[in-house]
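Student: I'm new to this one, could you walk me through it?
Tutor: Gladly, let's bring it up and take one topic at a time.
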Amino acid sequence: PVALYSPETGIVNSHKLVEHFLETARHNSGIDPIIYNTEVVGIEKKNEGYKIKFRHDGTEENLFTRILVNSAGLYSEKIAQMAGIDTVSAGYELEFWKGEYFSVNGIHKRKTKCLIYQIPVKGKVGVGIHTVLDLEGNLKLGPNAFRVEKIDYNVDESKREEFYESVKDIF
């Protein structure tokens with residue numbers, strides 16, 4: 001069995017990290033830099049930036065910004081199109097990929113206290129199924145990686161054996 005032992009690799013509480021960045025931004029600017037539950041409904045390129053039309057609490061408002069960062073995730077293609085980008089010719093068309101995880105239970109759930117990565121296989125997508133620790137120290141295996149046509153958050157329980165087989169030799 002071949003694996004990468006990575007004792008320096010860790011995990012981050014992403015929610016706490018984002019809260020920290022948000023509080024830092026609030027402290028530095030004196031305003032709340034995020035408008036929640038808001039839909040962008042139009043983007044107009046101007047000489048010095050962008051005019052953003054958005055819908056919030058049932059009303060439409062405008063905002064001007066010199067810099068526009070598209071971090072809309074699953075809606076980023078739509079936002080790019082609103083900003084006037086031909087997403088097809090620019091190569092910005094979204095492909096949906098999915099990764100699943102399985103929790104390790106029983107006597108094996110505390111088998112390791114670090115992340116262990118398998119050597120990536122040429123021609124395969126991703127870094128392969130590896131050990132993942134959650135913030136409580138529980139062990140998970142994942143993710144696999146495969147393309148999907150539509151967004152689906154279900155985990156295919158029939159893949160449990162595939163996950164086990166992929167990591168059994170590294171313990």
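Student: Which residues form a nonpolar patch on the surface?
Tutor: Bearing in mind that this is a predicted model, the nonpolar surface patch is formed by L74, Y75, I151 and Y153, which together have about 500 Å² of accessible area.
Student: Where is Y75, and is it buried or exposed?
Tutor: Y75 is placed in the loop between β4 (59-65) and α2 (76-82), and because its relative accessibility is 57%, where exposed begins over 50%, it counts as exposed.
Student: Switching to rings, how many aromatic pairs are there?
Tutor: The count comes to one aromatic pair. The ring centres of F102 and F163 lie 4.7 Å apart with their planes at 70 degrees, and since an angle over 60 counts as edge-to-face, that is what this pair is.
Student: Where in the chain are F102 and F163?
Tutor: They come from distant parts of the chain, 61 residues apart, with F102 in strand β6 (residues 102-103) and F163 in helix α4 (residues 160-167). Both F102 and F163 are buried.
Student: What sits over the ring of F146?
Tutor: That is the charged end of K159, 3.7 Å from the ring's centre. K45, in turn, lies over the face of Y50, at 4.8 Å from the ring centre.
Student: Last topic, what is T87 in contact with?
Tutor: T87, which is found in helix α3 (residues 87-90), is in contact with E77, A80, Q81, Y92 and E93, if we leave aside its neighbours within four places in sequence.
Student: And is T87 buried or exposed?
Tutor: T87 counts as buried, because its relative accessibility is 2%.

Note on methods: Residues numbered from 1 in each chain as written. Predicted model: local features only at pLDDT ≥ 70, side-chain atom pairs only at ≥ 80, totals over all residues. Heavy atoms only, no water. Phe/Tyr/Trp six-rings, centres within 6.5 Å; stacked < 30°, edge-to-face > 60°. Helix = DSSP H or I, 4+ residues; strand = E, 2+ residues; numbered from the N terminus. Buried < 20%, exposed > 50% of the residue type's maximum accessible area, 1.4 Å probe, protein only. Lys NZ or Arg CZ within 6 Å of the ring centre and 35° of its normal. Contact = heavy atoms within 4.5 Å. Patch = residues over 30% accessible without salt bridge, like charges linked within 9 Å, V, L, I, M, F, W, Y side chains within 5 Å. Areas by Shrake-Rupley, 256 points an atom, 1.4 Å probe, with all protein chains shown as cover. Salt bridge = Lys/Arg side-chain N within 4 Å of Asp/Glu carboxyl O.
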